[in-house]
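Please follow the chain from its paired strands to its core and then to the surroundings of the ligand. The account below takes these topics in that order.

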Amino acid sequence: MQKDPISLVVFGATGDLMARKILPSLFYLYKEKKLPRGFRVIGVSRRDISEEGFRGKMRDAAGKFDEIAKDKRLAGFLKLFYFVKGYFRDRYTYEDLKRVLEGHDHKIFFYLAVAPKFYKHVLENMQKAGLIHQNMFLLVEKPIGLDLTDAREIEKLFAKYFKEEQIYRIDHYLAKSGMDELFDFRFRKKFLEDIWTREYISSIELKLWEKKDVGTRGEFYEGVGALRDVGQNHMLAMLAYVAMNRPKAFHGEAVRKARAELLRTLKIYNIRQAKHFAYRAQYEGYRETKGVKRNSKVETFFRVTAFLRLGKLKGVPITIESGKAMPENCKEFVVNFKDRKQIIFPIETHAVKYQYVEEYKKILAYAFAEDDSIFLGRDEVLESWKFVDSIVLAFKKNLVPLKFYEPDHYPKI
Ligand SMILES: NC(=O)c1ccc[n+]([C@@H]2O[C@H](COP(=O)([O-])OP(=O)(O)OC[C@H]3O[C@@H](n4cnc5c(N)ncnc54)[C@H](OP(=O)(O)O)[C@@H]3O)[C@@H](O)[C@H]2O)c1
């Protein structure tokens, strides 16, 4: 358990991320006595509510989780919550926040649960208010940018105010139980390392299929498409776990270094090569979704085959594929061996009631313990964008033709 008191400042505290993920995860950490003594949450948003109003809103959000709603500890938990009302661009917001933090500024986590367009204002204003110091950390969600240039800008901004070890970039796929098990499986048994090579393995496939279609998220989806929504981040982070070399240590910086090194060895396609290695499709009916253009070319399915330029798996095809409106939900890796044996790893290995909550609980616990192994490093973010960027461009330029598939059916490749 952490000894130093921690203040968690959540910018965008009245939003969806707080209500559905951060809040319930914090509750379970509280219930399991895994929060340090003196832990507090300070919510910041423009909503015109009092501290009591904020706590009421948090109570309502917690009420959506039946297990939490009936737990007697909820009232005590809500007393940890404080509120600062204000706009992100307004410097007085930060003066108010400073006053609330006074005497509680030992160790602070700033969670940017806000749209990326606000990052600059929030960080600039924090610095102007003298809120940035050594013993503080930044928690930030994917996506980091919409392309490589954008990601570089955001990273430059973060680096202006924080050292790399103060930044926790969240990709909740790295907190999935299957990742731990895969890690254990790959590195705790010596003989497996010996056969994890191109001499034994013929191909690797990573699948992330969702039975659901885009639902009400049409507008958001139009801006990103499947490859940027899950390929650039979740799937490449998983690919790194499947193919990386043994890290120097099994925790912290060593693990993310090993993932970044692996991503650095990905063969980068130019936009003309992309069509040989990438496939994209859209389910029929997607264009009728609210917020979607009638002639949309956005992919709801992609399949990309990657190769490594170096290392033991050099030349082994590693396919990442993801889609909406698929015949079933499926999140797994398949490792095909040359002797036709196969290993299938599920990515979610425990049946838990609230999958997200389990993952965010782990994310917050690791962050508070300052273990950055399940967080993305700057290099990982940029390397994965380097790989994806030209494919996205090839999609945009229609160099990879868009195919169509029937919902609930696998596209005909
Ligand atoms: N939701 C998720 O599950 C999820 C998952 C991964 C990543 N993310 C990312 O996390 C970020 C937040 O997502 P979200 O779903 O929580 O968004 P959201 O529901 O739209 O919430 C946005 C929050 O920001 C506040 N806000 C907006 N403009 C403001 C301003 N000018 N000044 C002060 N406060 C302002 C809102 O306050 P009011 O309530 O007062 O309007 C609200 O608290 C986004 O970048 C999203 O892509 C979200």
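Strand β7 (residues 201-209) pairs with strand β11 (residues 330-337) in the antiparallel sense over eight bridges, where pairing requires that DSSP finds at least two bridges between two strands; helices (H or I, at least four residues) and strands (E, at least two) are DSSP runs, numbered from the N terminus. Within this pair, Trp209 stands opposite Cys330 in β11. Strand β7 is also joined by six bridges to strand β10 (residues 318-323), and these two run parallel, with Leu208 having Ser322 of β10 as its bridge partner.

This is a predicted model, in which local features need pLDDT of at least 70 and side-chain atom pairs count only at pLDDT 80 or more, while totals for chains, interfaces and linings use all residues. Residues are numbered from 1 along each chain as its sequence is written.

The largest nonpolar core has 127 residues, and Val10, Phe11 and Leu112 are those with the most contacts inside it. Such a core is a set of buried Ala, Val, Leu, Ile, Met, Phe, Trp, Tyr and Cys residues joined through C-beta atoms within 7 Å, buried meaning that 20 or more other C-beta atoms lie within 10 Å of a residue's own, with C-beta atoms placed from the backbone. Helix α10 (residues 218-243) gives the largest share of this core, 12 residues. Because domain 1 (7-141) and domain 2 (173-352 + 370-405) both give residues to this core, it lies between them; the domain bounds come from an automatic or database domain assignment.

Around the ligand there are 18 residues, of which Gly12, Thr14, Gly15, Leu17 and Arg47 come nearest, a residue being near if its C-beta atom, placed from the backbone, lies within 6 Å of the molecule. Helix α1 (residues 16-31) provides the largest share of this shell, four residues.

Technical notes. Buried ≥ 20, exposed ≤ 12 C-beta atoms within 10 Å, placed from the backbone.
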